[in-house]
Amino acid sequence: MLSENRSAALIALESNTPGILKIGGRPYRGALSFIADGSRLLVINVVEMEDYIKGVVPEEISTKAPIEALKAQAVAARTFAFFGKAINKSRFYDLESTTTSQVYGGASAERTNTNRAVDETDGLVLTFEGKPILAQFHGNCGGHTEDCEK
C-alpha cells in the first residue's frame, strides 16, 4: 500500500481491466507505483483497504476455518493495516507484503469464504482511545498456544 503522504512515484500503472493488474502473471487489484529508492526499485501495490484485506486473510489463516474465525482474522488484519498506515507516514509505502507486516497475496490469494468474511466485517477496526491498536497475530501456532491461566 502506497503511503498517502509520499508522491515520489516515477511511474504509476492502472489497468484497463476494472481493478486488476498482472505482474509476473499474478493478478493485483488497484494500481502499481514504481519508485526509485537509492539503488532499489520499489514496486508498490496501491489498493483500497478492503481489497488489500481480501488479499491478506487467506494468507494468514486457513481458508477452511469457521466463518467467525475468518471474520476475526479480517478485523485483526484490517486493524493491523490501519495501525501500519498511521506509523509509516514517512515511508514510501504503508506495509510490506511479507511476515514483516502481514502476508499479502493480491487478488490471486482471494477465496469466496474469506472475501465473505471481509465483506461482513467491512470497516470494523479495534481501537483504543480512538486509534487503531497494534493487533498482532501469528499465522501458525504449531497446533497450540500458551495457557492463558499461567
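Analyst: Happy to. Let's start with Pro27, which is buried with a relative accessible area of 18%. Please keep in mind that this is a predicted model.

User: Why is Pro27 called buried?

Analyst: Buried means under 20% relative accessible area. Pro27 has 18%, so Pro27 counts as buried. Its place is in strand 3. Leaving aside neighbours within four places in sequence, Pro27 is in contact with Ile20, Leu21, Lys22, Gly106, Ala107 and Ser108.

User: What makes strand 2 and strand 3 a pair?

Analyst: Two strands pair if at least two bridges are found between them. Strand 2 (residues 20-23) and strand 3 (residues 26-29) are joined by 4 bridges, so they qualify as a pair, and they run antiparallel. Leu21 stands opposite Tyr28 of strand 3. The hairpin has 2 residues between the strands, and there Gly24 takes a positive phi near 60 degrees.

User: And Gly25, buried or exposed?

Analyst: Exposed means over 50% relative accessible area. Gly25 has 58%, so Gly25 is exposed. Gly25 lies in the loop between strand 2 and strand 3. Gly25 and Ser108 are 83 residues apart in sequence, and their C-alpha atoms are 9.7 Å apart in space.

User: How do you know that strand 4 and strand 5 pair as well?

Analyst: The cut-off is at least two bridges. Strand 4 (residues 31-37) and strand 5 have 7 bridges in the antiparallel sense, so they pair. One of the bridges puts Ala31 with Val46 in strand 5. This hairpin also has 2 residues between the strands, and Gly38 takes a positive phi near 65 degrees there.

User: Where does strand 5 turn up again?

Analyst: Strand 5 (residues 40-46) supplies 4 residues to the lining of the largest pocket, the largest share. That pocket holds about 380 Å³ of space. Of its 15 lining residues, the closest to the centre are Val43, Ile44, Asn45, Leu95 and Ser97.

User: Why is Gln102 called buried?

Analyst: Gln102 has 0% relative accessibility, and the limit for buried is under 20%, so Gln102 counts as buried. Gln102 lies in the loop between helix 2 (67-87) and helix 3 (112-120). Leaving aside neighbours within four places in sequence, Gln102 has contacts that include Val56, Glu60, Phe80, Leu95, Ser97 and Phe137.

User: What makes the approach of Gln102 to Tyr52 a polar contact?

Analyst: A polar contact needs a pair of N or O atoms within 3.5 Å, one able to donate a hydrogen and the other to accept it. The side chains of Gln102 and Tyr52 make such a contact at 3.4 Å, so the pair is inside the limit. A polar atom of the Gln102 side chain also lies 3.0 Å from the backbone oxygen of Ala77.

User: How do you know that Ala109 is buried?

Analyst: Ala109 has a relative accessible area of 6%, against a limit of under 20%, so the label is buried. The place of Ala109 is in the loop between helix 2 and helix 3. Beyond neighbours within four places in sequence, Ala109 is in contact with Gly55, Pro58 and Glu59. Ala109 and Pro58 are 51 residues apart along the chain, with their C-alpha atoms separated by 6.3 Å.

User: What about the phi of Glu129?

Analyst: The phi of Glu129 is near 55 degrees, a positive value in a residue other than glycine. Most residues other than glycine have a negative phi. Glu129 is found in the loop between strand 6 (127-128) and strand 7 (131-132).

Methods: Residues are numbered from 1 along each chain as its sequence is written. This is a predicted model: local features need pLDDT of at least 70, side-chain atom pairs count only at pLDDT 80 or more; totals for chains, interfaces and linings use all residues. Side-chain values use heavy atoms; hydrogens and water are left out. Buried means under 20% relative accessible area, exposed over 50%, partly exposed in between (1.4 Å probe, protein chains only). Contact means heavy atoms within 4.5 Å. On a 1 Å grid over the protein atoms alone, a cavity is a set of points where a 1.4 Å probe fits but cannot get out, and a pocket is an open set with protein on both sides within 12 Å along at least five of seven lines; lining residues have an atom within 4 Å of a point. Grid points are joined across faces, edges and corners, and a volume is the space filled by probe spheres set on the points.
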